[in-house]
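Grab a pencil and try these exercises one at a time.

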Amino acid sequence: GYANAYEQLGDYKKAFAIIRWFYDACKGIRDTSVITFMDKMDALFLAYMADLSLAMGDEAAARSMLKDALAAAARFDAAPEYRSFVGMTFYHGSPAAVSIDDFGDTAMLAIEHHLREESCSAKTYDIWKELCHEIQ
């Protein structure tokens, strides 16, 4: 979408702002006290914002966001909830309301895929692997 377009244009600040806006908006449409499908998405948003932060020269912010992405992924993967309506503020009662993603079976795999397969920098992936090794 727009974030990818701005990233391709080298306008990392606008790309970051779009992802940050969506990340923040998603927090407002759910109950953050329960694990939801959106926790998996949080992990991906944070990884994307980390890479954009690194592109803007802010390695400390990138590292912090990757730590948060790791925590969000661990939280989701410990008790995955794939039914997209669980914990959502505007759920209307139909179990037919589902989300399907092709990011990976787990949040950790989704982040790995994003950092390896998208246009992310090798440095972002290196920081991610370092943080993963620290928790093992």
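**Exercise 1.** Does Cys 132 count as buried or exposed?

*Solution.* Keep in mind that you're looking at a predicted model.
- Step 1: Find the residue. Cys 132 sits in helix 6, which covers residues 122-135.
- Step 2: Check its accessibility. The relative value for Cys 132 is 7%.
- Step 3: Compare with the cut-off. Buried means under 20%, so Cys 132 counts as buried.
- Step 4: Look at who's around. Skipping the neighbours within four places in sequence, Cys 132 is in contact with Leu 70 and Met 108.

**Exercise 2.** Work out how helix 3 and helix 5 are oriented relative to each other.

*Solution.* 
- Step 1: Locate the pair. Helix 3 spans residues 37-55 and helix 5 spans residues 107-117.
- Step 2: Get the geometry. Their axes come within 9 Å and cross at roughly 25°.
- Step 3: Apply the cut-off. Angles under 35 degrees count as roughly parallel, so helix 3 is roughly parallel to helix 5. The crossing of these two helices is right-handed.
- Step 4: See what touches. From helix 3 we have Lys 40, Ala 43, Leu 44, Ala 47 and Tyr 48, which meet Ala 107, Ala 110, Ile 111, His 114 and Leu 115 of helix 5. Sort the residues of this contact and you get eight nonpolar, one polar and one charged.

**Exercise 3.** Find which parts of the chain the salt bridge between Arg 75 and Asp 39 ties together.

*Solution.* 
- Step 1: Check the distance. The closest N and O atoms of Arg 75 and Asp 39 are 3.7 Å apart, and the limit for a salt bridge is 4 Å.
- Step 2: Arg 75 lies in helix 4 (residues 59-78) and Asp 39 in helix 3, so the bridge links parts 36 residues apart in sequence.
- Step 3: Compare their surroundings. Arg 75 is partly exposed at 40%, whereas Asp 39 is buried at 4%.

**Exercise 4.** How many salt bridges does the structure hold?

*Solution.* The total is twelve. Among them is the one between Arg 116 and Glu 117, with the closest N and O atoms 3.5 Å apart. Shared partners also join Lys 27, Arg 30, Asp 39, Asp 42 and Arg 75 into one network of salt bridges.

Note on methods: Residues are numbered from 1 along each chain as its sequence is written. This is a predicted model: local features need pLDDT of at least 70, side-chain atom pairs count only at pLDDT 80 or more; totals for chains, interfaces and linings use all residues. Side-chain values use heavy atoms; hydrogens and water are left out. Helices (H or I, at least four residues) and strands (E, at least two) are DSSP runs, numbered from the N terminus. Buried means under 20% relative accessible area, exposed over 50%, partly exposed in between (1.4 Å probe, protein chains only). Contact means heavy atoms within 4.5 Å. Axes are lines fitted to C-alpha atoms, for helices over the stretch in contact, and angles run from 0 to 180 degrees between N-to-C directions. Angles under 35 degrees count as roughly parallel, over 145 as roughly antiparallel, 65 to 115 as roughly perpendicular and the rest as oblique. A crossing is left-handed if the near helix is turned anticlockwise from the far one by less than a right angle, and right-handed if clockwise. Ala, Val, Leu, Ile, Met, Phe, Trp, Tyr, Cys and Pro count as nonpolar, Asp, Glu, Lys and Arg as charged, and the others, Gly among them, as polar. A salt bridge is a side-chain nitrogen of Lys or Arg within 4 Å of a carboxyl oxygen of Asp or Glu.
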